[in-house]
Amino acid sequence: MTFSDFTTILPVAILAVWACALLVADLFIPKDRKGATALLAALGLAISLGYTLSQIGDERLGFSGMVALDGFSIFLNALILVCGLLGVALAYDYLKRMNIERGEYYVLLLFSSIGAMLMAQAIDLIIVFLALELLSIPLYVLSAFARSNVNSEEAGLKYFLLGAFSSGFLVYGIALIFGAAHTTNLYAILAAASASTVSPLLAFGAALVLIGFGFKIAAVPFHMWTPDAYQGAPTAVTAFMSSSAKIAGFAALLRVFVTAFSPLAVNMTDVLWGLSALTMVVGNIIAITQTDIKRMLAYSSIAHAGYILMAFVPYGNAAVAPVSVAAGLFYLIVYAVTNFGAWGVVIAVERTEGKGLAISDYSGLAKNHPTLAAAMSIFMVSLIGFPPTLGLVGKVYLFRAVIDGGFVVLAVIGVLTSIISAFYYLRVVVNMYMRDGEPAVRREFWLDFTWGALAFLTVFLSLIPQTLFAWASSALMKLF
Amino acid sequence: MEFILQPLTLVIFFPLVGVFALLFIPKENKDAMRWTTLIVALITFGISICVLTMFRAADVNLQLVARYDWIVVGGWNIQYFLGVDGLSILLVLLTTLLTWISILSAWTAVEERVKEFMIFFLLLEVGMNGVFLAQDLFLFYIFWEFTLVPMYFIIGIWGGPRRIYAALKFFLYTMAGSILMLLAILWLGIYGNTFSVPDLIARGGIPVNIQMWLFIAFALAFAIKVPMWPLHSWLPDAHVEAPTAGSVILAGVLLKLGTYGFVRFNLPLFPEAAVSAAPWMALLAAIGIIYGAAVSYAQADIKKLVAYSSVSHLGFVMLGVFALNPEGVAGGILQMINHGVSTGALFLLVGMIYEQTHTREFRLYGGLWKITPVFGTIYLITSMSSMGLPGLNGFVGEFTVLLGAWGAGQNGVFYWGGVWLAAISALGVIMAAVYILYMFQRMFMGPLGEIVEEAKKHGRPIRDLNWREIAVIAPLVILMFWIGLYPAPFFNLMAPAVNHLVGMLPLP
C-alpha cells in the first residue's frame, strides 16, 4: 500500500476522515446549534468535490487493482457529492421543523456518500459489495430517523429487510462468479469469460448480481420496497436516497456489466430489454393511481430507473456502448437535478403534522406562491420529458442511443410510457394552477435556494447541454 | 450580438422581452400588463412585416438564414437553424397578426390572473413562430412540443367548466402523436448525421419501405394537430372550453402547425411515400370535409359548430396538399391563411357576444340584427367568407384546392378514386352554406330570442360592438376582402417555393 493508492481514492478518503471527525465534533455542538453540523458536513462534501474535480484527466488503478480512478468514476463521484450537498441543503430546515434535528443525520449522510463513491470506483466485486453495504446501512438508519414515527420505523425496517435480502443475491452471485472465473477482479473475469465459451455458472452469477442491483435501483419486479420506504422515510432522506443510491447502483451496474460481462451480452441483452420495458410500463401505470405525492414520486423514480436501464441494453455492442453509457450518465444528471428539485418542493409544502403530502394539497399553490408552482411545473414537465427542460434532452439522448443500437421497439415503449407519465405529472400541475385551495408553504432560505436553483438549471442547462454532453461522453470507463 | 439581431431570431424571441417585463409589473396593475403585452406583440408584428419586406419571393431557397452550431458533440449535430421561404412567410405573418388581435380581444374578457395569461400568450407566440421558422428537425421538435405547454395552461386555467378535462385531452392527444415523430426524427438524425432539413432533403435516398414508416410517424403527429378525421375528437372539447383568445389562436395558428408540417416535412423528406399515400390522405381529407360539415349542422353550441367546421375546412387544406400539384399545394396554403382569418374572426365574434350573454346556444339568440347592426354585418361577412362566397377569401382557397384535386384525379396522382375525391369534397362547400346560414338565421333573423329579452330585463341590454372590438376585427375583415378580390400578391409570395416543392416529387 503506497501513498499513490490513497490518492486514487483521495476524495473518498478525505470524506471518510471528515465524517469520523464530524462524529466527534458533533458531541461538542450544543443541541440548539446543530446547523453548525450541517455546515461542517457541507464543507466536507465541498472539499471532497474540489479534490474530485482536481482529479479530472487522471487515470490509474489503486490498491492492487481493486479500485480505479477514471473519467467515469470522477464524473459519478462529482455527481454523488453534489447530491450530498443538495441532501444537506434540503435537510437543514426540514429536520428542525420536524423536531428530529440530530447531528448523526449529517454524519450518516456522509458515510452513505462515501459508499456511493466507492461503488463508482470499485473494479473488484468484493469492493462493490463492501461499498454497497456502506451506502445502504446508513440509509436504513436514515429512513428510520424520525424514530418515534411509526411510518418512518416501518420504512427503515422494510428497506433494511429487503436490502439485506438483495445483498444475499449479490453475494451469492459473486460467489458463483468466483467459482466460474476464480477471481473477483472485473478485468480478470472479463479475461476468463472471453477465453472460453461462457460457463452457465458465470451467466447465473451475473444474473444474480443483476437482481442484487435491481433491488438497489428499484427496477421492476424488485421494486416492492420502494413506495413504502420512500413514503415512510423523512422526506429529506427520501430525496437523498432516491438520487444518491440510484446513481450509485447504476454506477456499479454499468461498471460491472460493461467491464466484465460484455461476453455475456448475447444472453443479457434480452433480459435487460425486458427489465427496462417492464420497469417503464409498471412504474408509470401504477403511478397513475397514486394520491400521495411521495408515493407518486416513488413510482416515478421506478419508472425512471426503467428509462436509465434502456442505456444498458446495447452494452455489448462495442460501437454503441460508449454512446449509450454516456446517455445513461447524462440521464443520471437529469434525474438528479429534476428529482431533487421536485422533492424540494414536496418538502416546502409538507407540514409538521404530516399533512400536505396528498396531491390535492397542492391545489391553489400557483395563486399564493407563483414561483414555487412554476418551479414544480418545470420539474414535472422535465420528468415527462418536454421542452424546454433537461428531461427532454435526457430522453432524446437515451432514445437515440437505443435506436442506434437497433432496439426501436424499446424506444417506442419508452415514448409510449412517457405519454402515460404525462397524465400523472400533469395532475400536480392541474391542482396547482386550475383548482382553488390555500396550501401552507414553508419558506426558508436554503430550501428556496435549492428548488429555485434546480428549476433554473433544469431549463438553462437544456438550452446549452453541449458541455454536459461533452462531459458525459468523455466520462468513459478506462480499460486498464 | 450578431446572433440576436438576426431578423428571424428577433421574430421568434422578441416576445420574451415582454415576458421579462411582465414579471416585474405588480399584480394589481392589470392595464400596464395588457399594454405591455400588446405593445410587444405589435412590435413583433412589425418585425415580421420587416421580414416580409426583406423577403424575395422569386428565390426558392431559404432566406434570412440564421445558422449556428448548437449541440455538436459526441455524434450529435444539432444546429440553431432558422430560415423562411414561400411556404412559411404567410404563416408567420398570420401568427404575429392573430397574436396581437387575440391579446386585444382578451382586454376585458380576462380579469383573473392577467399576468400569467399574458406570459403564456407571449410564450405561445415564441413557440408558434419557432415551429414555422426552424429548419433543423430537433429545433423544430422543441418548438413544436413547447407550444403545447402554454396552450395547456390557457385552456386549463381560463377555460370553461370542463376545462381541466379538455386541457388534459388536448395535451395527451397531441403529445401521443408527436412523440413517435421524435423517434422518426432521431432515426433521420442518425441516418443523415444531421438534423438540418435542407441537407436531409438534398441527401434523400431513404429506402422506400423505411420512408413509409417515417411518413406515418410524422403524419400521425401532424394529422392529430390538423386534426384529420378520425383523430379530431380533442378539437371540439378544446375549442368549447378554451377562452376566446385561446380559441382564436388554436384555430388560427395551432392547427396550421399540422398542415404546415405536412408541407414542410412529409412531402420533401419522404417523396416516394408521399406519392403513394396521396389518395389515402385525400380520402381521409374528403371524409373529414363531409363529416365535419354534417356534424356541424347538428350542433347547438356556436363554438362547437365552428370547431367541427374547422375539421371540414382543414380537410380542404389536406386535400389540396396531397393533390401534389402547384394549384393544390398553393390553394392549401392559402386555405390555411383563410381558415385562420375567417375562423379566427368567427371565434372573436362569438367571444364578443358571449362576454355579454354567457351562453353559446345559438337557439337562445334571435333577432340580433335589429339591436346590433354592426355586429350583424361583420358576422355576416365572416360567415360568408367561411362558407366560400365568391368575392371573399374562402372561395379563392377552396376553388384552387378543388382545381388541384380535380387535376390530381385526372393525371393519376389519386391513382384510385380519381376525380371522385374532388367531386365528393365539393359537396362540402354546399354543406358549409347550409350549417352556416342555419346558424346565422337563428341568431340574427326572426323574433327577439330568449336571451336577448332576458338581458334587457336585467337592465343589461345587448350592446353593439365598441371601438376596441371593431379594431380587433377590422384587420381580419380587410384581409377577407383583399384575398377574395385580389389574391395575386399572396399566390406570388408562395408560387416559386410551391413549384420547387412539387418539382421534387416523383409524380406518376
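**Terms and values in a predicted model**

Guide: Helix α14 of chain A, residues 321–349, is where A:Trp343 is found. A helix here is a DSSP run of H or I with at least four residues, a strand is a run of E with at least two, and both are numbered from the N terminus. The model is a predicted one, in which local features need pLDDT of at least 70 and side-chain atom pairs count only at pLDDT 80 or more, while totals for chains, interfaces and linings use all residues. Residues are numbered from 1 along each chain as its sequence is written, and chains are lettered from A and ligands numbered from 1 in the order in which they are written.

Visitor: Why is A:Trp343 called buried rather than exposed?

Guide: A residue is buried if 20 or more other C-beta atoms, placed from the backbone, lie within 10 Å of its own, exposed if 12 or fewer do, and partly exposed in between. A:Trp343 has 31 C-beta neighbours inside 10 Å, and therefore counts as buried.

Visitor: Which residues is A:Trp343 in contact with, leaving aside its neighbours within four places in sequence?

Guide: They are A:Leu90, A:Thr235, A:Thr238, A:Ala239 and A:Leu297. Contact requires C-beta atoms, placed from the backbone, to lie within 7 Å. A:Phe423, 80 residues from A:Trp343 in sequence, lies 19 Å from it in space, C-alpha to C-alpha.

Visitor: What makes chain A as compact as a globular protein of its length?

Guide: Chain A has 20 helices and two strands. Its radius of gyration is 21 Å, close to the 23 Å that the globule rule gives for 480 residues, so the chain is as compact as a globular protein of that length. The radius is taken over C-alpha atoms, and the rule is 2.2 Å times the number of residues to the power 0.38. Of the 480 residues of chain A, 64% count as buried.

Visitor: Why does A:Asn99 count as exposed?

Guide: A:Asn99 has 10 C-beta neighbours inside 10 Å, and so it counts as exposed. Its place is in the loop between α4 (71–97) and α5 (104–121) of chain A, and its phi, near 60°, is also positive in a residue other than glycine.

Visitor: How do you know whether α8(B) and α10(B) are roughly parallel or antiparallel to each other?

Guide: Helix α8 (residues 163–192) and helix α10 (residues 208–225) of chain B pack at an angle of about 150°, with their axes 8 Å apart. Angles under 35 degrees count as roughly parallel, over 145 as roughly antiparallel, 65 to 115 as roughly perpendicular and the rest as oblique. The two helices are therefore roughly antiparallel. Axes are lines fitted to C-alpha atoms, for helices over the stretch in contact, and angles run from 0 to 180 degrees between N-to-C directions.

Visitor: Where is B:Pro227 placed, and what kind of peptide bond joins B:Val226 to it?

Guide: B:Pro227 is in the loop between α10 and α11 (234–241) of chain B. The bond is cis, with omega about -10°. B:Pro230 is found in the loop between α10 and α11 of chain B, and B:Trp229 is joined to B:Pro230 by a cis peptide bond with omega of about 5°.

Terms used. Contact = placed C-beta atoms within 7 Å.
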